[in-house]
Every structure is written in C-alpha cells, then in structure tokens.
Amino acid sequence: MSVIQLCYHTWDDRRCTVSLGPGVHRIGSGSANELVIDDLSVASHHCTLSIGQDGKVLLQDSQSSNGTFLDGEAIDQAQVTPGQTLSLGSFMIKITGSDSAPPVTLEPDRVSHPLPDGSYSCLRHHQDRALYECSACSGLSCQRCTPSSGEAPICPDCGQTCSLIDWSGLSMTHQEALTGMIPERVNQAWASWQRWRESRKASGESGEREAKD
C-alpha cells in the first residue's frame, strides 16, 4: 500500500516517480539507501522518510552538508504532507499523495530541448515549441500531441489537465526561459538554500577569524 509518491527529474532530465509505503526509507546518493539519487547536491545518506501505518510521514535530516528543506525552510525533523516540496540541497522533489497522477517513465529521448527563440520544445516533437505544461506530472507538450476535453487540454502522459505556457518576451536567454518554467515554490526553495549556504559560509569564516585572534 503506497502512501506518498516522490516526483523528481534526474540530471539528464528524465522524470521519475517513486511510490513509498509504511516503513523507513533512507534517501541519498549512496548505494545502501532505499532511494538512491545520483546528484552532486545529495549527500551519501542525506535524509530519512519514516512512514507509519497510520499514513503519517516524518522527514529527518541526516546531518547532511547541503541541508534538507521542506517548502524552502531548513529542517532537522518535520512532518510531511502531500503537496509539499522536499529539497536535498538544490535537488527538488515534489511530494504527492498515492492517488495523484500515476508513475510516468520517459524514454531517453523524451526530453525537452531549448529552441533558438528561447522557448523549449515538446517532449515528443523536438522541433515544436511546448505550448502546454501538465499540472500533475509537469510534462511538456505541443498542439499536435495534446488532445482536448471540451476547452481543457489533456496531458498525453497522465490524462490530467494542462495549462497554457506563456512564452511572451522571447528575447530572454535559454537559462531565463528555463527558470520561468520552474514553479515559484521551487524558486523560493532554491533562494532559501542559497541563503542557507551563505550563512554557513559566513559562520565558518567568522569561526576562523576568532581562532586566529
């Protein structure tokens, strides 16, 4: 019986969805973890998710060097609910309920590519601009591969409703275009992590000066 799902993108832009049920689930880059994430921001054993039989989920940081964040706030231990964003350093994981969008596996070529005008391509048709983003699985699709139900476009991967992507201001760089596609809560988590790193760095430099004095 799955309780939550962890949805994230790998370094090579593959979308992964992992279902977790009751038990203790260690997360990190090391092979001994129940969930192994190959990313430079993720420590060998970064954090632990403990799921009770009653469905309650407890997140605990494992004294990771880059920190564990929940909705942009650094935590040592916190209760987790579906809809929140878990950040391992700068690596983002969306937490959803078990009744949310079903797991979707992308083939290696099912990735979005930057286009010359600053927009990004459909996952299937790499020459076509992505016009829709799925609200459930974050898939990108063009007009050719997005069916509609009445007036609402439907995601070809998971069948959920899509929203129209606003590509106004296409003089932006590729990096700016990519940043514009990231949900605001993820941008906030990134900014929080950057501030946390700066504070850690400042504390370390202060300690070095005191030791010299």
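1. Leu49 and its contacts. Leaving aside neighbours within four places in sequence, Leu49 is in contact (heavy atoms within 4.5 Å) with Ile4, Leu6, Leu20, Gly23, Val24, His25, Ile27, Val57, Leu58, Leu59 and Val80. The model is predicted: local features need pLDDT of at least 70 and side-chain atom pairs count only at pLDDT 80 or more, while totals for chains, interfaces and linings use all residues. Residues are numbered from 1 along each chain as its sequence is written, and side-chain values use heavy atoms, with hydrogens and water left out.

2. The nonpolar core. Leu49 is one of the five residues, with Ile4, Leu6, Ile37 and Leu88, that touch the most other members of the largest nonpolar core, which has 24 residues. Such a core is a set of buried Ala, Val, Leu, Ile, Met, Phe, Trp, Tyr and Cys residues joined through side-chain atoms within 4.5 Å. Buried means under 20% relative accessible area, exposed means over 50%, and partly exposed lies in between (1.4 Å probe, protein chains only). At least two residues of this core come from each of β1 (4–9), β2 (15–20), β5 (47–51), β6 (57–61), β9 (77–80), β10 (85–88) and β11. In soluble globular proteins, nonpolar side chains tend to be buried together.

3. The chain as a whole. There are two helices and 16 strands; helices (H or I, at least four residues) and strands (E, at least two) are DSSP runs, numbered from the N terminus. The chain has 213 residues, of which 42% count as buried. Among contacts with a separation of 6 or more, 40% are between residues 24 or more positions apart.

4. Ser87. This residue is in strand β10 and counts as buried, at 0% relative accessibility. Not counting residues up to four places away in sequence, Ser87 touches Gly67, Thr68, Phe69, Met92 and Ala189. Ser87 and Ser41 are 46 residues apart along the chain, and their C-alpha atoms are separated by 9.5 Å.

5. Aromatic pairs. How many aromatic pairs does a search of the whole structure find? The search finds two. Rings of Phe, Tyr and Trp (its six-membered ring) pair if their centres lie within 6.5 Å; planes under 30 degrees apart count as stacked, over 60 as edge-to-face and the rest as tilted. Phe69 and Trp196 form an edge-to-face pair, at 5.6 Å centre to centre and 90 degrees between the planes. Phe69 lies in strand β7 (residues 68–70) and Trp196 in helix α2 (residues 184–212), so the pair ties together parts that are 127 residues apart in sequence. Phe69 counts as buried, at 1% relative accessibility.

6. A three-stranded sheet. The strand order in this open sheet is β13-β12-β16, with antiparallel pairing. Its edge strands, β13 (140–141) and β16 (162–164), each pair on one side only. Strands pair if DSSP finds at least two bridges between them. Strand β12 (residues 132–134) is joined to β13 by two bridges, and the two strands run antiparallel. Tyr132 stands opposite Ser141 in β13.

7. Salt bridges. The count comes to two salt bridges, each being a side-chain nitrogen of Lys or Arg within 4 Å of a carboxyl oxygen of Asp or Glu. Side chains of opposite charge can pair when their charged atoms come close. Asp128 forms a salt bridge with Arg144, with the closest N and O atoms 2.8 Å apart. This pair links distant parts of the chain: Asp128 is in the loop between β11 (91–97) and β12, and Arg144 is in the loop between β13 and β14 (148–149), 16 residues apart. Asp128 is partly exposed at 22%, whereas Arg144 counts as exposed at 60%. Glu34 forms a salt bridge with Arg26, with the closest N and O atoms 3.0 Å apart. Glu34 is partly exposed at 45%, and Arg26 is partly exposed at 33%.

8. Positive phi angles. Gln63 is not a glycine, although its phi is positive, at about 55 degrees. Gln63 lies in the loop between β6 and β7 and is exposed, with a relative accessible area of 77%. Asp71, also not a glycine, has a positive phi of about 50 degrees. Asp71 is found in the loop between β7 and β8 (73–74) and counts as partly exposed, at 38% relative accessibility.
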